[in-house]
Amino acid sequence: MYDIYIYASYGVTAVLLGGLIIVSFRQLSKARRQVFALEAGELKKEDA
Amino acid sequence: MRIFAAICSQHMHLSWRSGQTMLAVSFLFIAITLLPFGLGPELNLLRALAPGLLWVVLAISLLTGLERLFQADYEDGTLDRLLLVPLAFEAVVLAKLLGHYLALVLPLILAVPLAGLLLNIEAARLPVLLAAMLCGSPALVLLGGIGASLAVSVRRGGLLTVLIAMPFYVPVLIFGAAAARAGLETGVAVGPYLGILAALSAASLLLAPFAIAAALRSALR
Amino acid sequence: MLKALENISAFYANPTRFMALARQVHRPLWALAIGVLAYGLYRVAYVPADYQQGDSVRIMFVHVPAAWMSLFGYSFIFIASVTALIFRHPLGHVAARAAAPVGAVFTLLALITGSLWGQPMWGTWWVWDARLTSVLVLFFIYLGYIALWQAIDEPTRAARAASILAIVGFINVPIVKFSVDWWNTLHQPASVSRLARPALHADFLYPLLIMGAGFLVLFLALTLTRMQMEVLRQRLRARARKGEPPHV
């Protein structure tokens, strides 16, 4: 009878925490790519 | 000491001239007038809700006034010059806040009893309401000042000021409304509530100027 | 002991060294988080139904740890801000900024699960009881803090402002808690009972503590992930401001 609330609670937990985890990792990899690109670009400019 | 008074009165003068006071008081009465349209004209209901409503409207009126407090001085360079004044910057901040309080907040508080009459509070109960607001308003101004100083230099920082100040206002509103409500009933001691409000104001007085000064210094660097 | 801690923190104040350490710790920390959470969920699944509340007591095992983490998060931000502002450790600001969204999400989670826990019991989606109201105010504190970081463009200024807010706000939290508790006892409606905690004997306590530990490790893992991201963003901003390095 109360099951829907339990499912909803754990579902919301999964969605919110999962969302935060996914977003954080995506932000991290994006930052890594940008820094890598920046440093690679600078290295290329030094060679040229 | 003279510098303190000078800064204080200068701010008061500016507040009056720019019509800030009139604006804030008008806002108070506009809000109080709109309430019966939302709640219905039944006098008993209005009377029961009045203490809380008046405190909330007061808090919002104060916040709208505070937003301008540091913004204008930041923009025209006055704040930079105030840093150079041979007075501790925390004292300068206090002077500005005192000027703001005298020019804007006091008139607002003095207008509250009239607003209370509109909401059907009995005239005999009004002094308690006034006393509660006098005890709690320094806290509101000082804590709101923290929000205003942190948000200074942010474009359209008014909403940010409100968001920052809101959690600080919760204790003051709780005890302020409780004091006002106690004042409406006979036989309920109001003293302890006023004491707590005064304590909150005193604590704000001790802490807020340092936080505000630090925030303004940070913005000016 | 204190001197050793000082030396360690000074050593890792250098972002490059911190990033090296972070890279090593990152995966093990996440593995630990997933492990503890999995074990916690397993234990929760086998908790017997509470005689009073039936199965819905299981919601407690996410609601209470989430509330714990919302408080822990803000304490973390406070300590990080003090470290940054008073001890001038450069990673303090990074840690505070990284932890903020994590704490905010846990707070939101506590609010939603609190509401879901209460609905079958009270028949309404929300009650202004002491704990939920305090958590709601805490949520606004988080929002204000995050908004301040976003609103100020210049990074050092934003960091200083945010740390001032964190420190002053932290002092406010117990005052708010006290006021709201008092306010709630004053206005206690007769029909609504507070979020009744089932008797916390071992059957309930241990799964709760395990879930709490799991949430804690998850918080730390998420914060570490975000700290790395913040350090990299800092690097990007520094490069962007310096412009192209001069060439021979």
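**Figure 1. Chain B is built from 8 helices and 0 strands.** Helices (H or I, at least four residues) and strands (E, at least two) are taken here as DSSP runs numbered from the N terminus, and along the sequence chain B reads α-α-α-α-α-α-α-α. The radius of gyration of chain B, taken over C-alpha atoms, is 18 Å, close to the 17 Å that the globule rule (2.2 Å times the number of residues to the power 0.38) gives for 221 residues, so chain B is as compact as a globular protein of that length. The C-alpha trace of chain B spans about 55 × 35 × 30 Å along its principal axes. This is a predicted model, in which local features need pLDDT of at least 70 and side-chain atom pairs count only at pLDDT 80 or more, while totals for chains, interfaces and linings use all residues. Residues are numbered from 1 along each chain as its sequence is written, and chains are lettered from A and ligands numbered from 1 in the order in which they are written.

**Figure 2. Ala132(B) is among the residues with the most contacts inside the largest nonpolar core.** A nonpolar core is a set of buried Ala, Val, Leu, Ile, Met, Phe, Trp, Tyr and Cys residues joined through C-beta atoms within 7 Å; a residue is buried if 20 or more other C-beta atoms lie within 10 Å of its own, exposed if 12 or fewer, and partly exposed in between, with C-beta atoms placed from the backbone. The largest such core has 150 residues, and Leu197(B), Leu148(C) and Leu165(C) join Ala132(B) as those with the most contacts inside it. Leaving aside neighbours within four places in sequence, Ala132(B) is in contact (C-beta atoms within 7 Å) with residues including Gly176(B), Ala180(B), Tyr193(B) and Leu197(B). Buried residues make up 50% of the 221 residues in chain B.

**Figure 3. Asn120(B) and Arg156(B) sit in loops of chain B.** Asn120(B), in the loop between helix H5 (89-118) and helix H6 (126-150), has a positive phi of about 70° although it is not a glycine, and with 16 other C-beta atoms within 10 Å it is partly exposed. Arg156(B), in the loop between H6 and helix H7 (158-184) of chain B, also has a positive phi, near 50°, without being a glycine; Arg156(B) counts as exposed, with 9 C-beta neighbours inside 10 Å.

**Figure 4. Chain C touches chain B through 22 of its residues, which meet 21 residues of chain B.** Helix H5 (130-151) and helix H6 (155-186) of chain C each supply at least two residues of this side, and the largest share, 13 residues, comes from H6(C). By class, the side of chain C that touches chain B has 16 nonpolar, 4 polar and 2 charged residues, where Ala, Val, Leu, Ile, Met, Phe, Trp, Tyr, Cys and Pro count as nonpolar, Asp, Glu, Lys and Arg as charged, and the others, Gly among them, as polar.

**Figure 5. Chains A and C have the most contacts among the 2 pairs of chains that touch.** Here 24 residues of chain A are in contact with 28 residues of chain C, and the side contributed by chain A has 15 nonpolar, 5 polar and 4 charged residues. Chain A and chain B do not touch, their nearest C-alpha atoms being 23 Å apart.
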